[in-house]
Amino acid sequence: MSFVTVENLQKRYGDTAVFSDIAFSIAKGEFITLLGPSGCGKSTLLRCIAGLTGVSAGRILLDGQDLVPLAPQKRDIGMVFQSYALFPNMTVEQNVAFGLRMQKVATGPARERVAEVLQLVELDTFAQRYPHQLSGGQCQRVALARSLVTRPRLLLLDEPLSALDARIRKHLREQIRQIQQELGLTTLFVTHDQEEALTMSDRIFLMNKGQIVQSGDAQALYTAPVNAFAAGFIGNYNLLGSEDASRLLGRAVPRSLAIRPEAIGLLADPGGDGEITGHSLLGNVIRYRVRAQGVSLVVDVLNRSAADLYPNGQRVRLAIEPGELREVA
Ligand code: ADP
Ligand code: MG
């Protein structure tokens, strides 16, 4: 059963279309990540759903109701942005209570609901602080609490973690996912970070140049990219044109091929046709650059012991499982 349905959605600015035919559906309680490079139209799509910008054509249904004619405050949607946009002269509690005041919720119940969501985002002890007394991660949790307190039917998050440092970002993404599941809240989360998308989502909508090019769960997107863009964006795939692929494999290959870096085996062999040309240590993984038959490849190898690290110039034999080769358009 579809809870959010978007049909033939079009958004133009003058002569330029940001997107001209977006369509998807989301089930109740699903966590969907909209993943794509900067400028592909993610924020515009979210703003259309929230009603912060008009649509040029198409329908947006939420629980069967068309949102397009409704003003933003009538849509019952919560939204969190990259910049927290908190009121600097209000305490955490007042910031969170703001939406309830607008809805004319009585003081007693409002207090209770604010306390409840502050506990949910683990900020109950910070209720009387002002935004300038909080870290970036805490500010973003206030923004999240503020969007949850009105009990929206749909939560939209536009790169809420992008401005935070790596450790806080990881912690907060787990917290967001946990809260979302606890509340059974239908959520559309925007990011340009593939790791965020792969770790958080029920399903990912991969977007490029105003189009959803692939949708599916993380495993489907990672192991079966539909085209070269998807392969490059999601999985650090090696993309080989048919000529390079033919040379590397020693047989005629009519299509372009994608090979995941971890799907190539390396074996030190003085007679091997590959040569290590560089590496970077990613911690548990060593990412090698290898040249073979005039083709440059990226190969990921588990970093188990000091002996796993081959020097530049080391001759190697490559082992590629035929089942690991993906044809891509
Ligand atoms: P993303 O969030 O994926 O980075 P955006 O939705 O912000 O992408 O932008 C998509 C495209 O729409 C960009 O090319 C951007 O320049 C254009 N765009 C966004 N807002 C406006 C606007 N108000 N006027 C004109 N063009 C815009
Ligand atoms: Mg954006």
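Predicted model: local features only at pLDDT ≥ 70, side-chain atom pairs only at ≥ 80, totals over all residues.
Into which domains is the protein chain divided?

**Figure 1. The protein chain is divided into domain 1 and domain 2.** Domain 1 covers residues 2-232, and domain 2 covers residues 236-328. The contact between the two takes nine residues from domain 1 and eight residues from domain 2. Their C-alpha centres lie 39 Å apart. As a whole, the C-alpha atoms of the chain fill a box of roughly 80 × 45 × 35 Å along the principal axes. Nine helices and 18 strands are found in the protein chain.

**Figure 2. Domain 1 and domain 2 bury area between them.** The area buried between the two domains is about 710 Å². Carbon and sulfur atoms give 53% of this area. On the side of domain 1, the residues that lose the most area to domain 2 are Tyr222, Thr223 and Ala231. Together, these three account for 55% of what that side buries.

**Figure 3. Helix H2 spans residues 92-102 and has several buried residues.** The buried residues of H2 are Val92, Asn95, Val96, Ala97, Gly99 and Leu100. In an α-helix there are 3.6 residues a turn, so residues three or four places apart point the same way. The cover over the buried residues of H2 includes helix H3 (107-120) and helix H4 (136-148). Just after H2, Lys104 takes a positive phi of about 60°.

**Figure 4. Arg47 lies in helix H1.** Helix H1 is formed by residues 42-50. Arg47 and Phe87 are 40 residues apart in sequence, and their C-alpha atoms are 21 Å apart in space.

**Figure 5. The surface and the charged side chains are considered for the whole protein chain.** The accessible surface comes to about 16000 Å², and 49% of this surface belongs to carbon and sulfur atoms. Of the 329 residues, 46% count as buried. The chain carries 35 positive and 33 negative side chains. The centres of these two sets lie 5 Å apart. Among contacts between residues at least 6 apart in sequence, 65% join residues at least 24 apart.

Methods:
Residues numbered from 1 in each chain as written. Chains lettered and ligands numbered in written order. Heavy atoms only, no water. Helix = DSSP H or I, 4+ residues; strand = E, 2+ residues; numbered from the N terminus. Buried < 20%, exposed > 50% of the residue type's maximum accessible area, 1.4 Å probe, protein only. Contact = heavy atoms within 4.5 Å. Areas by Shrake-Rupley, 256 points an atom, 1.4 Å probe, with all protein chains shown as cover. Lys, Arg positive; Asp, Glu negative; His and termini not counted. Charge placed at Lys NZ, Arg CZ, Asp CG, Glu CD. Domains from an automatic or database assignment. Buried area = accessible area lost by both parts, 1.4 Å probe.
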